[in-house]
Every structure is written in structure tokens, then in C-alpha cells.
Amino acid sequence: MARRDTDMTQGEIWRHFVRFSVPLAIGLLFQQLYNTVDSVVVGQYVGKEALAAVGSTGSIINMLIGLFNGLSVGAGVVISQSFGSHDMPRLRRAVHTTVAVTFVLCAVATALGLCIVRPMLQMMQTPDDVMGEASRYLTIYFAGISGLLVYNMGSAILRAVGDSRRPLYFLVFSALTNTLLDLLFVIVFRLGVAGVALATIIAQGLSAVLVLATLTREKGDYGIRWKQLGISREELKQVFNVGAPSAVQQALTSFSNVFVQSYINAFGSAGMAGWSGYNKLDAFLTVPVMAIAQASTTFVGQNWGARKPERARQGVRLALLLAVGCTIVLTILMLLFARPLMGLFSNEADVIDYGVRYIQLITPFYVTICFNQIFGGALRGIGNARGPMLIMLGSFVVFRQIYLYVTHLLGLGFVAVALAYPMGWVVCSSCLTITYLRSPLYHANRRLERAGRGQKGIGNER
């Protein structure tokens, strides 16, 4: 069988980034099709209340997914470092520990998700005309959340060893399945919001089956051997040392966004629907930087494990340049075609007007996201997840909530609410840039490198 993993400690850096990032970006695009197709279908065939219901639940879903997906972040770092250092016993222990713990967390996530549906919707002051549909969508989604968690776990294992292609294939299949089921359940069977929720969990369940089957058949040391399934304390500790801060950061940021959503909800169902459409476009716009940031984490993890810090730094610099370039191009396109893009989600003028205003106010700031995502990903690659966590919590939770509270007291209205996200990005990127420039990754062996560039093993691998 042809090898599908990639040793990123050797060879041309830009080739590794292209080969890893492009399939990952395509995969993320298809992943965004899940909720985007859901929103387009309900917006066009059900109504703006249904669109508002599906779109307004995103922060609640992301809160729970982020909490449990910290495991996949931590596992990816531990596995990539083990793979880069060729420590195969550690690699096998990390894989089987990750799989075993994921199954336990699936049961916890399902139970917790079903319990928080009504309280969270009430907390973000969901309007009465949206409450019923939103509750129905979340209940069905959380009942089938295990499929998504298992898929994310399996994909993290494959990506940590440099294989971003097979996760892409599974996402393409799953997204197409979701699209077909959306159309069938909503247009033919007229199940409304419940139909798009069912389509999503069925598609995610199938992707989980595919990734488990692939890892079971994998002959490499990162394949699943079911008789060896168990929990290694040492590997579990390492996974959680990296994954727990990421989990806390993602969960609390999404929890904070529940309160941001409450400010959006004050503009009524049209404002909520416009925000929903904008958020789906936002997810597509950030795909390149997210893919490149994930590639950066894997690249840095492998090279840090192989004790090649200068090569890791070269990868970070290249990642930042790629992310900024792609983001600038996409931002210009988004601004030029804002109105027709919003027209995909609704035919109602007030919904489109709200969405266009969000785009015009927020998208000019997207280039700042590149800095916090690339530098945050690089720091996690060397095992420092606590620093990015604290900075992101301070920027996306504490600062953002203070900003919204103060602007609300001052009565600054729509523009101030829309700018809450960009202001958090600016603060976060500034702090993470400083943190990266002070990190061991940035300073490791720099005196030696300045004294003798070209020595074997430092920055000359091609």
C-alpha cells in the first residue's frame, strides 16, 4: 500500500504546506456546506424564522463541540510530535488512548447537550417566533453529536501524521449526502427544521463510520488495533495538557458568543436571519487561514519533535504570508459581491440589508485573524496551549463582553454590536504576536544559527 502519511521534517517546506493545506481547505469548505446548505434550504423553502432558528444556535453547538474537541487538538500535537521523533510506541499509545476517551466523551456530550437546549436558548433571549424551531433543531442535533466527535477524532489522528486527503474524501461524501438529504427531507417530506437536523446527524454519522473503518484497516503504527484499546495515563496527561486549554478556550469563547447573540437577537428575526447568512459566508472566508493554521500546527509539531526549530520557524513565516495573501483576496471578493451572496439565503429585503451591513463592517478586519490563528497554531505545535488559551479568552470573552456592555450603556447601537468581533480579533492578534516573539520556538538556537547558518540540520533541509 502507498504511504499516505507525510514526514514534514525533510524536503521543501512550501511543498508540504501546499500538499497538506489544499486538501484540508477543500475539506473545510465541504464541512461548511453542512450548516450552509441547511440555512439556504430553510431560508428559501421555510422562512426567515427558520433561518434565524438554525443560524442562532451556532454558538450553542460550537460551545459543546469546542469543549470536547480540545481532546483532538491535544491528541494531534502529541501524535505529530511522536511521529516526527519516530517514537512509535508512544504514537500507538496516544492513538488508542485518544480513541478510548473519545467514546466516553461521546456519551457525556450527548447527555449534556440535551440538558442545555432550553436554558441556553432562554439565556440568549431567543424571540418567541424562533424558540420552538431552534429548540427542535438543537435537540435532534445533540442527540446525534457522537458522529461529529468521532469523525473529528479520527481526522485529527490522520492529519497529525500528514494525511489530509482521506479526511477530505470523507467530508466530500458526507457533505454531498447532507445536501441530498436536506432537499429530500425539507422539500419532499416537508419536515422543516427537523429535516435539516436529521440530514446533518445522518451525514456526520456516516463520516464517523468511514474514518473508523479507515483507521482499523491502516497498517501503520497510527492504525487502531481494537484489542489494544485502552487508556495510558502518561499519554492521556500529555493530551490533556495541550487539549484542555484549547477546549476551555473554545467552549468559553462560544459561551461568550451566546451573549453576543443576545445583542443580535434584539434586532428581531430579520436581524437574526441576516446575521445567520453572514455567519455562513464568514465560515467560507476563514477557510484558507484555518487550513494553513492547522498545517502550521502539524508542521511545527513534527519539526519541534525532530529538534529542528529553525525549520519550524520558516514554516510559521510561510504560513503567515500564505494566510494574509489568501484573506486579502477573499475579503475584496466578499465586499464586491455582498448583496448577491446574501441573496442565496433569503429573498426578503430586510434580511439581505442586515447581512450586507454586517459584511461591510466586519470583513475589512479579517486580515487580523491570520496573526492570531497562525501564531496560536504554532505555539500549540510546541505544546504551549495555555498561552493562546489565556490570550484568546481575554480577547474573545472578557474584552468582548466589556466592550458590548459599555457600548450598550452608551446606546451606540447596530454598528457597535457588529464591531464586537473585529475589536476582539485586533486585541488577540496583538497579544499573540508578542507571545510568539518571546516563545522558545522563536528563540531556540538563534545564536547558533546566526554564528553558522548552513550547518547540518538547521534550516537547510530541502
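Good morning. Arg313 and Glu310 are both buried, where buried means under 20% relative accessible area, exposed means over 50%, and partly exposed lies in between, with a 1.4 Å probe and protein chains only. Before I continue, please note that this is a predicted model, in which local features need pLDDT of at least 70, side-chain atom pairs count only at pLDDT 80 or more, and totals for chains, interfaces and linings use all residues. Residues are numbered from 1 along each chain as its sequence is written, and side-chain values use heavy atoms, with hydrogens and water left out.

What links Arg313 to Glu310? The two form a salt bridge, their closest N and O atoms lying 3.0 Å apart; the term requires a side-chain nitrogen of Lys or Arg within 4 Å of a carboxyl oxygen of Asp or Glu. Because Arg313 and Glu310 are three residues apart in helix α12 (residues 309-336), about one helical turn separates them. Helices here are DSSP runs of H or I with at least four residues, strands are runs of E with at least two, and both are numbered from the N terminus.

Glu310 also forms a salt bridge with Arg317, with 3.3 Å between the closest N and O atoms. Glu310 has a relative accessible area of 5%, whereas Arg317, at 42% relative accessibility, is partly exposed. Salt bridges with shared partners also join Lys48, Glu348 and Asp350 into one network.

I turn now to another pair. Glu12 and Arg15 form a salt bridge, with the closest N and O atoms 2.6 Å apart. Glu12 is partly exposed at 31% relative accessibility, and Arg15 is partly exposed at 35%.

How many salt bridges does this rule give? The count is eleven. Thank you.
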